Amino acid sequence: PVFPAVPTSALHTMLTALPVSSEQRLQQIAHARKAMLQGDESQPGMLAEPWIERSWQRCLASGKNPEQAVSFEMLSPQTQRRTEEANQVLVQAARPVLDKLGAAIASTRYFAILTNAQGVVVDVNGAIDRRDRRVDLITRIGVDLSEDSVGTTAIGAALTELQPVWLHRGEHFFNANSAYSCAGAPLFGPDGRCAGMLDLTGVDAVERPELRHLVVQSARSIENALIQNRPHNLMIRLNWSSQNLGDDMDGMVCLDPDGWVTGANPAARQMVPALQKSDASAVHCSELFAMPYEMLFDAAKSNPLAYPQAIDVPLWSGLRLHALPLLHGRAPAAGRLGGRGA
C-alpha cells in the first residue's frame, strides 16, 4: 500500500510528542544541528522546531560560524544610560513579577532576565551565581543578548518570532552557548508594540520545558502592570461571559475622558478586532462597542467600590463581552470583583 507523505511540521509534532530521555533529546538536537548547519539535505532537520531552523539560517546568512567565540558585548556607558532611562517604566512594572518569579524558581538553578525590545538586559532576578562566568556574562545590566550579538537564544528568538519559545543546549547556534537552557516570551506594551521579553535561563541545568508556560504567565502579568500604569480615566476589564473577571486573563482597555483608547493589553486586542489596528491610539470606544461610550463611565460611577458589578457589552460583530468599567483610582480589592449585574 502507498501511504501519504507526512508534512515535516506534522512529523516534528509527532516526534517531539514522544517521551524521550535526556540523552535521546541531546542526540535529536545533535542530529538536527548536523542536518541544518552542515547543509545535509538528505537528513532534513526535522527534529528542530521551524523557528529554530529559521534562526540558524539567519545566523549562517549573516556570516556567523557555530565554532566562533561569543563576546557578550556591553553597551557603551552613554548608550546604557539612555537605555536605562528609556526602559524605566518597563523595569518598574516588571520588578514585583520578577521578585515572585525569582523566588519560585530559586531551587531549580534557573534565573530570570528582562530585556528591552532590542535584546539588551535591563533587569535580572533569581539565584544568580556570579562565580560562574557563564552566568555572570549574561546577567549584567546592559549586555547585548540579541540574535545579532549572540546568535540563536530564547531572547533573540522570542523578539524575532514574537512568540513563546523553549531552547535547550545545542539548539543555541554557537557551541559556546550549549550549556544554556532557556524559556522566553515577548512582552507587548499598551500601544501593542513589542516592549521587550522575559527569559528564564539555567546553566548546565535539567531541561524544564514547562518553564515556557511559567514565563508566558509571568509575561502576561508584566503586560497587565504596564497597562494599569498607563494614564487613563477609565479602565475596562473584559472577558467572555463564561469567564470570571479579575485575573491576568482579562482584556484591559484604557480610555481618556472623551472615550479615546490610550492603551490595551494583548488579551483585549484578541477579543476586540478594532484594537488590532496598527495605531490603536486613534481608536475611539465607539468603534469597540455597539453602545454609547458614556454608558461605561456611568456604570463605573454607579459601581460601589467594594463590590463593583460587571455588565454585558455588545461588540459590532454581534458577540457580547463581560465588562467591568473602573474609574482611575477606584480599583477594587483583590477578590472583590463582582459578577454580571442585573
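In the predicted model, helix α5 passes helix α9 in a right-handed crossing. The two elements, α5 spanning residues 88-104 and α9 spanning residues 211-228, pack with their axes 9 Å apart and at an angle of about 140 degrees. Because this angle makes α5 oblique to α9, the pair is not classed as roughly antiparallel, a description kept for angles over 145 degrees. On the α5 side, the residues that take part in the contact are V89, L90, A93, A94, V97 and L101, and these meet L214, S218, S221, I222, A225 and L226 of α9. Sorted by class, the contact of α5 with α9 comprises 10 nonpolar and 2 polar residues, with no charged residues.

Helix α8, which covers residues 154-161, is mostly covered, with 7 of its 8 residues buried. The buried residues are A154, I155, G156, A157, A158, L159 and E161. Both helices and strands contribute to this cover, which includes α3 (50-61) and α7 (147-150) together with β1 (110-116), β3 (165-168), β4 (180-188) and β5 (194-203).

Local features were also found at both ends of α8. At the start of the helix, a side-chain oxygen of T153 lies within 3.2 Å of the backbone nitrogen of I155, and I155 is itself among the buried residues of α8. Just after the helix, L162 adopts a positive phi of about 55 degrees.

Terms used:
Residues numbered from 1 in each chain as written. Predicted model: local features only at pLDDT ≥ 70, side-chain atom pairs only at ≥ 80, totals over all residues. Heavy atoms only, no water. Axes fitted to C-alpha atoms, helices over the stretch in contact; angles between N-to-C directions. Helix = DSSP H or I, 4+ residues; strand = E, 2+ residues; numbered from the N terminus. Parallel < 35°, antiparallel > 145°, perpendicular 65-115°, else oblique. Left-handed = near helix turned anticlockwise from the far one by under 90°. Contact = heavy atoms within 4.5 Å. Nonpolar A, V, L, I, M, F, W, Y, C, P; charged D, E, K, R; others polar. Buried < 20%, exposed > 50% of the residue type's maximum accessible area, 1.4 Å probe, protein only. Polar contact = N/O pair within 3.5 Å; in protein donor to acceptor, adjacent residues only side chain to side chain.
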